[in-house]
Structures are given as C-alpha cells and as structure tokens.
Amino acid sequence: MGQTPHSQEPATGATTLPGVGEGARERVLSGMQPSADSLHLGNYIGALKNWVRTQEEYDAYFFIPDMHGITVAHEPTDLRERTHRTAAQYIAGGIDVGRSTLFVQSQVPEHAQLSWIMTCLTGMGEASRMTQFKDKTRRSGTDAAGVGLFAYPMLMAADILLYQPHGVPVGDDQKQHVELARNLAQRFNHRFGETFRVPEPFIPESGARIYDLQNPTAKMSKSAESPNGLLNLLDTDKQMAKKIRSAVTDDGTEIRFDREEKPGVSNLLAIYSAVGERSIDDLVEEFQGRMYGHLKVELADVVVAALGPVRDRALELLDDRAELDALLARGAAKARETARPVVAEVYEKIGFLPPAQD
Ligand code: TYM
C-alpha cells in the first residue's frame, strides 16, 4: 500500500490488551478537524484517500475531532455544520460505514476521560516542543492562546490510544503528535503495566505534504493567504479547474520533479500522481517536451473528474441530516464498545474507582 514505516500484511491473533477482541484484525484510526466548511486537497491526498485504502485490510475507526475544534475561538453553529460536512465528505470520499466505524469525538465521552490522564502524564517541556502549537501561536503569542490549544496533543494521544490501533494514517504534519502518543503509551505501560499498544504513524510515500497552489513552498492549509492557493473538496468544477490552471509554476519550461528548483511543478506532479494514481516518473516522461500549460489543463481535468463526484455525493448526504445523525450515533455506540473497556482498565491501573455505568 506504499506506506512507511509499517507496510507488512495485517496479522491476526489473540491478545490480552483491553479493547481488542481475540483474533481481531489489525486496526487503524484517524480524524480530521471540522474547522472549515470544506476539506481541502491536502486532506484528501494526505489522509482521506489513504484511509479508504486502509479500510480494505484493517478494522478502521475514523472520527471527527470536534473537541479539537473548540481549542480556538469558534461559532457554535459553524462547528455543528462543519461536523456534518466533514462526516459527509468522509463518506463521499469512500469511507464505508458498513465496514469502518465512523463517529464524532464529543459523542464518545471516553476521549475526555483519557485525555485528562494523558495530560497528567505529559511534561511541560515535551508539550512545549510541539511545533503545531508554536506555529499557531506565532502571530499572537502564547498568552493569547487557550490552554486547550496547548493541551491539544494530549487529547490527540487519548483519541489514538483509546482504540489500540496499530497504525494512524496521517499526513506528515501530524507525525510529531503521533510520536507523543507513542511516548505516552510507553510511559503509561512502564509505570502502570502493559495497557496500550504503541501505534505507528502511517504516512503515505507520496502526497504526505501537498503545497499551496499560489505559494508552493507553504503547506496547503485552510488558513491559506490567497483563496486561490487552496483547492477545496466542495469547490465547483469551475473553481477547481481555475485554481489548478492559475497555479504558480517556476522559472524555465522543463517539466521535472525537483522540490528545490521547481516547487510549483513538483507540487502539480505530486497532485497528479496521487489523484490520477500514476507514478511521477511516468508523468515526467509523458510531459517531456510539453509546456507547463499542458500539465495544468490535463491535471485540472483529472482533479475535476475525481473530486466532482465526491462533492456531489457529499452535498446529497447533507440533504438528509437526520440520516447522517443516525449513522453517526450508531458509529459512536460502536466506538464506545471499544473505548469503554480501555478506560475501565486505565481507571483500575491508576487507582480510580471503576467508571460509572451509563
Ligand atoms: P488536520 O485536521 O489538520 O488534518 C487532517 C489530515 O490531513 C492531513 N493534511 C495534509 N496532508 C498533506 N498535505 C497537506 N497540505 C495537508 N494538510 C493536512 C493531516 O496530516 C491529517 O492527517 N490533529 C489532527 C486531527 C486529529 C487526529 C487525531 C488525527 C485529532 N485527533 C487522532 C489522527 C489521530 C489535525 O489537526 O489534522
């Protein structure tokens, strides 16, 4: 499946870890913040596309981390809308709710329960080294940030460890957070006895970092400086094609993959390779002697053909909120079946009385 560092066949077998049934399939877990009206092309390539692949082999858990969505100032109506939109895009992008467990974080209270324990296990020094917190507070300073934003990686560690996953399929910007989750799992196991599986980040070999179309040395992100640099999954066909056709390219005319000298063209090739499922070498050969404009026009067609139907399906799903809510409630109930025994064991190991029944 083209993943590092873990790409062996899933194994089955008995285990004594809480939350893992006997003979259970290997598991993956991941999530994307509902912090914008639409997911973007980086989310799609770096995460969602990969998730869809993993669910074929793994017992997959995909969730919407809405509790992370309140670590910065937010509008309640927007958050609820974006939670629905994110869920709809997961399903439209290929998450099969019959096969995978899809749920919303705040509907599974075990995330908050384990998060506090993870927070108490984390050192100030190691939390202060999280680069995402540094990035997010660069402009306004740390005094202006909420404590929740600082504690966010500990909540993320709880999100992961609650489900005992073998792998966490994410883009490379989340690697440091998965590393913290690994450290906390090891620390807990060392202090209180074997409880958590130590998960691996599953980072795609190509497309782990998609860059802004207008500023191809900056990561594509919802906080893009220019709206044209950010390609949204819910954009119209026309908007998508326009954004690709007006992407910034580089000096010269040659189409080759070179992140240093040709960041713009390399980003377009990486997008083409991931969305069109073609190797970069193959594309470079095909475009030899042709112009940047040819690459952009063809790529615009490929992206619209792949993402247009995802958008249409997502919008269709959003027409029936009751059905979407029912499906998410079923997912939360299923997620809790796994998370509850993990929290119960953690309570026992750290000396709490058993969790209250509900
Ligand atoms: P978030 O919401 O920022 O991003 C969701 C996923 O998209 C990937 N991604 C990208 N991949 C390639 N190129 C890009 N430009 C790009 N931008 C984003 C991210 O790597 C990620 O995989 N903290 C997480 C959400 C989270 C989570 C978790 C993830 C909360 N709990 C537990 C996994 C497991 C986040 O903010 O991702």
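How much area is buried between domain 1 and domain 2, and what share of it do carbon and sulfur atoms give? The area is about 1400 Å², and carbon and sulfur atoms give 72% of it. Buried area here is the accessible area (1.4 Å probe) that two parts lose on being put together, summed over both. Leu41, Tyr44 and Ala92 supply 36% of the area that domain 1 buries against domain 2, more than any other three residues.

## The model

This is a predicted model; local features need pLDDT of at least 70, side-chain atom pairs count only at pLDDT 80 or more, and totals for chains, interfaces and linings use all residues. Residues are numbered from 1 along each chain as its sequence is written, and side-chain values use heavy atoms, with hydrogens and water left out.

## Two domains

Domain 1 covers 14-207 + 320-350, and domain 2 covers 227-316. These bounds come from an automatic or database domain assignment. The C-alpha centres of the two domains lie 30 Å apart.

## Where the domains meet

In the interface, 16 residues of domain 1 are in contact (heavy atoms within 4.5 Å) with 15 residues of domain 2.

On the side of domain 1 that touches domain 2, helix H1 (41-57) and helix H2 (76-92) are the elements that give two or more residues. H1 gives the most, with five residues. Helices are DSSP runs (H or I, at least four residues), and strands are too (E, at least two), numbered from the N terminus.

## Salt bridges

A salt bridge is a side-chain nitrogen of Lys or Arg within 4 Å of a carboxyl oxygen of Asp or Glu. The count comes to 24. Between domain 1 and domain 2 there is one. Lys49 pairs with Glu277 in a salt bridge, with the closest N and O atoms 2.5 Å apart.

Asp173 and Lys219 also form a salt bridge (2.8 Å, N to O). This pair links distant parts of the chain, 46 residues apart. Asp173 sits in the loop between strand E5 (167-169) and helix H7 (175-192). Lys219 sits in the loop between strand E6 (200-204) and helix H8 (237-245).

## Around the ligand

A polar side-chain atom of Asp173 lies 2.4 Å from an oxygen atom of the ligand.

How values were computed. Polar contact = N/O pair within 3.5 Å; in protein donor to acceptor, adjacent residues only side chain to side chain.
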